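Colleague: Hi! I'm new to this one, could you walk me through its charged pairs?

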Amino acid sequence: MSRPSITKTSCRLRFLQSVVCGASRVFDRRKDLSTAAFLTPCWLNYQRPAMRHLRNAYWCELGVGMDSSVRVSDRVKIVAPANLTLGCNTKILNRVILDARGNLDIGRDSQVGFESIILTSTHRFEDLDQPILEQGMRFKPVRIGNDVWIGARVIVLAGLTIGDHAIVGAGSIVTRDVPKGAIVAGNPAKLIRNR
Ligand SMILES: CC(C)(COP(=O)(O)OP(=O)(O)OC[C@H]1O[C@@H](n2cnc3c(N)ncnc32)[C@H](O)[C@@H]1OP(=O)(O)O)[C@@H](O)C(=O)NCCC(=O)NCCS
């Protein structure tokens, strides 16, 4: 059987992208895009190359600042997508959680490894007479530079900057800014060496 021509394939893709955008407008855009959490819909979780374009259409529709070179894998959860920007060629791998309520900016050519969590929020807890859950939240932006590699299962806390060309080892918890070109690892993440 002959393969479909490129024009036919891209027409189909454009059609499917518009279906995805329409569905997300109906089901998801009623929620507040700068506070609510969104999980990749199950019907976009198939491991097929074309699904990346559909997932991109979905996240763009929800306000993520990104272009078609970005790869957002399946089962990703994004809180406040309207406050998230992803630079070109950046990859967000499976089951990552990006909390962008306090603004999250990830540069170009960077990668966030499997099951990592990036936070831009924390609970207030100053008042001992009130339950923590009633004291509200504090939001602080996170900025991740260009050509940064964040390994699998990393947690980045709110308010931090990870410099260009830095590497964060698997399983690390980042509690302080990471300088440009540094390789850090562990809990809390400490400098191993510079690149
Ligand atoms: C951070 C990393 C890149 C460093 O690699 P490396 O330069 O080859 O480092 P080494 O293996 O020489 O280790 C250097 C030291 O750091 C420690 N170290 C390395 N990675 C570590 C990690 N993730 N957590 C804690 N310590 C770590 C080593 O134990 C070693 O300590 P020592 O000198 O006391 O023995 C690598 O260990 C890593 O974590 N890669 C991420 C892999 C991953 O997440 N893959 C999924 C793809 S997205």
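Modeller: Happy to. A salt bridge here is a side-chain nitrogen of Lys or Arg within 4 Å of a carboxyl oxygen of Asp or Glu. This is a predicted model, where local features need pLDDT of at least 70, side-chain atom pairs count only at pLDDT 80 or more, and totals for chains, interfaces and linings use all residues. Residues are numbered from 1 along each chain as its sequence is written, and side-chain values use heavy atoms, leaving out hydrogens and water.

Colleague: Where do Arg153 and Glu115 lie?

Modeller: Arg153 is in the loop between strand E13 (149–150) and strand E14 (155–156), and Glu115 is in the loop between strand E8 (111–112) and strand E9 (117–118), so the pair ties together parts 38 residues apart in sequence. Strands (E) are DSSP runs of at least two residues, numbered from the N terminus.

Colleague: Is Arg153 buried or exposed?

Modeller: Exposed, with a relative accessible area of 55%. Glu115 is partly exposed, at 30%. Buried means under 20% relative accessible area, exposed over 50%, and partly exposed in between (1.4 Å probe, protein chains only).

Colleague: Switching topic, which residue does Asp99 form a salt bridge with?

Modeller: Arg101, with the closest N and O atoms 3.0 Å apart. Asp99 is buried, with a relative accessible area of 3%, whereas Arg101 is partly exposed at 28%.

Note on methods: Helices (H or I, at least four residues) and strands (E, at least two) are DSSP runs, numbered from the N terminus.
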